[in-house]
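Visitor: I would like to go through this protein with you, step by step. May we begin with the overall picture?

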Amino acid sequence: MSFRRQKRFFYLLIIGTAFLFLIYITGYTPVLFGSDPHVKRPHIRFEDVADQIDHRKPRIMINWIGRMGNHLFEYACLLGIAKWNNMTPIISPTVDILDVFNLPAPQGSLSLLRDPINYFYPVAAKFDNATMHLQQRDYYLTGYRQSWKYFEHVKEDLLNNHFVFHEPILATAMSYINAARKEKNKPDAVIVGVHVRRGDFVRQRIKGFTVAPIPFYFKTMNYFRRKYPNVLFIICTNDYFWALDNLDHGPDVFYSTNTDGAVDLAIMANCDHMIITSGTYSWWAGYLVRGEVIYYKGYPEPNTIIGNQTVREDYYPPNWIGM
């Protein structure tokens, strides 16, 4: 081999090694079902539905901070608080969950609020009783709000009419579930979703982020195995290779290789039951499921920034099981 070819081979080897390393650290895996499942976001502009709105009612909007899990909390809280106070909820036309769900709330800018009260609440996962009895004024809610108590009274409306996945996302998710049933030869099995959250949570324990230890997964999966003789687990994770290296490889376990957070959420939402770990994204995977939910009770870490902002009975619904 000539020196020039050796040099070219050496460069290709370096590039290939770097690419494989990038795949490993990011947990990237190829999407099995091809094309991008997303659709154009729905546009329900406030001005287009103005004739259907009672303009005597106060209007209410919320800030959109964080990522998908927090945005789902914010949307649900907005609807729940609006319902309590007979207000018109309005959402931003740019929020990312419009790409995932067919949300029917009218969209508009903050300019639609008329001399609003800016209402900040500093404790993220502690229920604010005052939101049940707001003044009859327009409101702009700021700060994190992470409690099921804000919207439990509108839960059925949320699940049936708001958090409805766009058809391409749902179709891709159901393709994964059907592929899992076929590969594992379990057409009639009870499906249990397992969310494995790692990534940034591994590195931020000082803030209160914690990841579930390996025994948690074996314990919770065995709980469902004892309960359902015919069960199939679908594992969704942002660290595919860690999960593959450390978790169960039984005949009743299927690993999702999907890398799209919206599709993974749709997969988990269409399971019969759910095992969740840490974070708001995982929390919503549990809330969207109609069946039993088991959560990792070690999240968040006590006496930390997040731990001190979390009242457990306000964050975790009472019918969920902590392990």
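**Overall picture**

Guide: Among contacts in the protein between residues at least 6 apart in sequence, 72% join residues at least 24 apart. Please keep in mind that this is a predicted model.

Visitor: How many helices and strands are there?

Guide: The protein has 10 helices and 10 strands.

Visitor: And what share of the residues counts as buried?

Guide: Of the 323 residues, 53% count as buried.

Visitor: Let us turn to the sheet. In what order do the 4 strands of the open sheet lie?

Guide: The order is E2-E1-E4-E3, and the pairing is parallel. E2 and strand E3 (117–120) stand at the edges with a single partner strand each, so one side of each has no neighbour in the sheet.

Visitor: How many bridges join E1 to E4?

Guide: Strand E1 (residues 59–62) and strand E4 (residues 139–142) are joined by 3 bridges. Within E4, Tyr140 is the bridge partner of Met61.

Visitor: What does H2 touch when it packs on the sheet?

Guide: H2 touches E1, E2 and E4, and its direction makes about 160° with that of E1.

Visitor: Now a new topic: how much space lies in the second largest pocket?

Guide: The second largest pocket holds about 480 Å³ of space. It is lined by 19 residues, of which Lys57, Met87, Thr88, Pro89 and Pro106 are the closest to its centre.

Visitor: Which elements give two or more residues to that lining?

Guide: They are helix H2 (68–85), strand E2 (88–89) and helix H3 (155–162). The largest share of the lining, 3 residues, comes from H2.

Visitor: How does the lining divide into nonpolar, polar and charged residues?

Guide: The lining of this pocket has 11 nonpolar, 4 polar and 4 charged residues.

Visitor: Back to the helices. Why is H9 described as largely enclosed?

Guide: In helix H9 (residues 280–287), 8 of the 8 residues are buried, so the rest of the structure largely encloses this helix. Among these buried residues are Tyr281, Trp283, Trp284 and Tyr287.

Visitor: And how many residues of H8 are buried?

Guide: Helix H8 (residues 261–269) is mostly covered, with 8 of its 9 residues buried. The buried residues include Val263, Asp264, Leu265 and Ile267.

Visitor: What covers the buried residues of H8?

Guide: The cover includes H2, helix H4 (167–183) and H9, together with strand E5 (190–196), strand E6 (231–237) and strand E8 (273–276).

Technical notes. Residues are numbered from 1 along each chain as its sequence is written. This is a predicted model: local features need pLDDT of at least 70, side-chain atom pairs count only at pLDDT 80 or more; totals for chains, interfaces and linings use all residues. Side-chain values use heavy atoms; hydrogens and water are left out. On a 1 Å grid over the protein atoms alone, a cavity is a set of points where a 1.4 Å probe fits but cannot get out, and a pocket is an open set with protein on both sides within 12 Å along at least five of seven lines; lining residues have an atom within 4 Å of a point. Grid points are joined across faces, edges and corners, and a volume is the space filled by probe spheres set on the points. Ala, Val, Leu, Ile, Met, Phe, Trp, Tyr, Cys and Pro count as nonpolar, Asp, Glu, Lys and Arg as charged, and the others, Gly among them, as polar. Buried means under 20% relative accessible area, exposed over 50%, partly exposed in between (1.4 Å probe, protein chains only). Two strands pair if DSSP finds at least two bridges between them. Contact means heavy atoms within 4.5 Å. Axes are lines fitted to C-alpha atoms, for helices over the stretch in contact, and angles run from 0 to 180 degrees between N-to-C directions.
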